[in-house]
Amino acid sequence: MRKVELMVRESCGSCARVAEQIRPVVEAAGAQLSLVDVDVADDRELAMEYGDRVPVVVIDGEEFACWEVNNDDLAAELA
């Protein structure tokens, strides 16, 4: 099963919008979506790497998209 992580911040309105946007695409592909709050994650490296760029989509450990996500591109990547 492919693993899709969305790096987010609680105070990020775009993060909530992108999460709702990509959820159906991820589910249709049979992948698992996890939201990772970079401010509360155990790994301080996440906040340093993604903190000012959220939302960031990471698929199987590789960054896929930052700020905006094209659903067609995401579906193709997960196919």
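Which residues of the largest nonpolar core touch the most other members? Select Met7, Tyr50, Val57 and Leu74, which hold that place among the 26 residues of the core; a nonpolar core here is a set of buried Ala, Val, Leu, Ile, Met, Phe, Trp, Tyr and Cys residues joined through side-chain atoms within 4.5 Å. Buried stands for under 20% relative accessible area, exposed for over 50%, and partly exposed for what lies in between, with a 1.4 Å probe and protein chains only.

This is a predicted model, in which local features need pLDDT of at least 70 and side-chain atom pairs count only at pLDDT 80 or more, while totals for chains, interfaces and linings use all residues. Residues are numbered from 1 along each chain as its sequence is written, and side-chain values use heavy atoms, with hydrogens and water left out.

Helices (H or I, at least four residues) and strands (E, at least two) are DSSP runs, numbered from the N terminus. H1 gives the most to the core, with 6 residues. Now centre on Met7, which touches Cys15, Val36, Val38, Leu46, Tyr50, Val54, Pro55, Val56 and Val58 when residues up to four places away in sequence are not counted; contact means heavy atoms within 4.5 Å.

**The sheet**

Next, show the 4 strands, which form an open sheet in the order S2-S1-S3-S4 with mixed pairing; two strands pair if DSSP finds at least two bridges between them. At the edges are strand S2 (32–37) and S4, each of which pairs on one side only. From one strand to the next the twist averages 25°.

Move to S3, which is joined to S1 by 4 bridges in an antiparallel arrangement, Met7 having Val56 as its bridge partner. Both faces of S3 are covered, with Val56 and Val58 buried on one side and Val57 and Ile59 buried on the other. In a regular strand the side chains alternate between the two faces of the sheet.

Finally, select H1 and H3, which pack at an angle of about 30° with their axes 10 Å apart; axes are lines fitted to C-alpha atoms, for helices over the stretch in contact, and angles run from 0 to 180 degrees between N-to-C directions. H1 and H3 are therefore roughly parallel to each other, a term used for angles under 35 degrees, with over 145 being roughly antiparallel, 65 to 115 roughly perpendicular and the rest oblique. Gln21, Ile22, Val25 and Val26 of H1 make the contact with Asn71, Leu74, Ala75 and Leu78 of H3.

Ala76, also in H3, counts as exposed because its relative accessibility is 55%.
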